[in-house]
Amino acid sequence: MCAEEWLPDRCLSVKEPVNPHDPVPRYGCPNLLFGGSIRNRTEFEDFYRNVLDQFTCCGFIAWEGDRIIGYVNFFPQKIAQKIKFYGWGDTKDEQPDTLIHHCISVIQNPNYRRKGIGTDLIRHSLEWAETRAWKRYEVHRVLPDMDKGIASEQKSTLSFWRKLGFSIIGEEDADEATKQYYGANKRYSMALDMV
């Protein structure tokens, strides 16, 4: 992912591949500005450029021709703890050289579902992390397995992460919104050690 191609400033809750040059923000979620720590589009761009300058990468894009069909992004733990997007990075324990999963989004079109797009994006992220000596990759607020969770753009269900080698490192009671929307009473934290 590079700032000149596209910044992950929208959830891909659309049916067709996305033109990265469409006006922004066209789609998106209310938490894209990280809960108020970033106040506008300029600060959002500056934030990503700073992370990219410092760490050379913070995610990958799945393309179909010149259109985006999915993306994943992640941040070093120190940055994730600062922005707390949807609570990702909320962990209190300090693990050195840890990346925190931010989000994964694949367009909401049945023709692109269950094709391995999300899996490939995570595998690329893990390969990138391992070759740069990151020791751990964590994902938080993972849903138990359920159809609604698997169909969501976050794709954060236990089986998805388990098939990639992740193990549960903690569980918490789900917040009221998660209980109402997904019908899930628990959410999980998972990690993969890359040592």
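User: In this predicted model, in which strand does Arg141 lie?

Analyst: The model is predicted, not determined by experiment. Phi of Arg141 is near 60°, a positive value in a residue that is not glycine. The element that holds Arg141 is strand 4.

User: Is Arg141 buried, partly exposed or exposed?

Analyst: A residue counts as buried under 20% relative accessible area and as exposed over 50%. The relative accessibility of Arg141 is 23%, so Arg141 counts as partly exposed.

User: Where does Ala133 lie, and what is its phi?

Analyst: Ala133 belongs to the loop between helix 3 (117-131) and strand 4 (136-142). Its relative accessible area is 49%, which means that Ala133 is partly exposed. Most residues other than glycine have a negative phi.

User: What span does helix 3 reach from its first C-alpha to its last?

Analyst: Helix 3 has 15 residues. The expected span takes 1.5 Å times one less than the number of residues. The reach of helix 3 is close to that expectation, at 21 Å.

User: Which residues of helix 3 are buried?

Analyst: An α-helix has 3.6 residues a turn, so residues three or four places apart point the same way. With that in mind, the list can be read along the helix. The buried residues of helix 3 are Ile117, Gly118, Thr119, Leu121, Ile122, Ser125, Leu126, Trp128 and Ala129.

User: In which helix is confidence lowest, and in which is it highest?

Analyst: Across the protein chain, the mean pLDDT is 80, and 76% of residues reach 70 or more. Where pLDDT is low, the predicted coordinates should not be read in detail. Confidence is lowest in helix 4 (residues 147-151), with a mean of 60, and highest in helix 3, with a mean of 94.

User: Which residues touch the most other members of the largest nonpolar core?

Analyst: In soluble globular proteins, nonpolar side chains tend to be buried together. The largest nonpolar core of this model has 48 residues. Those that touch the most other members are Phe75, Ile122, Tyr137, Trp161 and Phe166.

User: Which residues is Phe75 in contact with, leaving aside neighbours within four places in sequence?

Analyst: Phe75 is among the core residues that touch the most other members. Its contacts beyond four places in sequence include Cys58, which is itself buried with a relative accessible area of 0%.

User: Which side chain makes a polar contact with the side chain of Ser189?

Analyst: Ser189 is in strand 6 (residues 186-193), and Ser189 counts as buried because its relative accessibility is 17%. Not counting residues up to four places away in sequence, Ser189 touches Val139, His140, Ser167, Ile168, Ile169 and Gly170. The polar contact, at 2.7 Å, is with the side chain of His140.

User: In what order do the elements of the protein chain run?

Analyst: The protein chain has six helices and six strands. Buried residues make up 53% of its 195 residues. From the N terminus on, the order is α-β-β-α-β-α-β-α-α-β-α-β.

How values were computed. Residues are numbered from 1 along each chain as its sequence is written. Side-chain values use heavy atoms; hydrogens and water are left out. Helices (H or I, at least four residues) and strands (E, at least two) are DSSP runs, numbered from the N terminus. Buried means under 20% relative accessible area, exposed over 50%, partly exposed in between (1.4 Å probe, protein chains only). A nonpolar core is a set of buried Ala, Val, Leu, Ile, Met, Phe, Trp, Tyr and Cys residues joined through side-chain atoms within 4.5 Å. Contact means heavy atoms within 4.5 Å. pLDDT is the predictor's confidence in each residue, from 0 to 100. A polar contact is a pair of N or O atoms within 3.5 Å; within protein, one must be able to donate a hydrogen and the other to accept it, and residues adjacent in sequence count only if both atoms are side-chain atoms.
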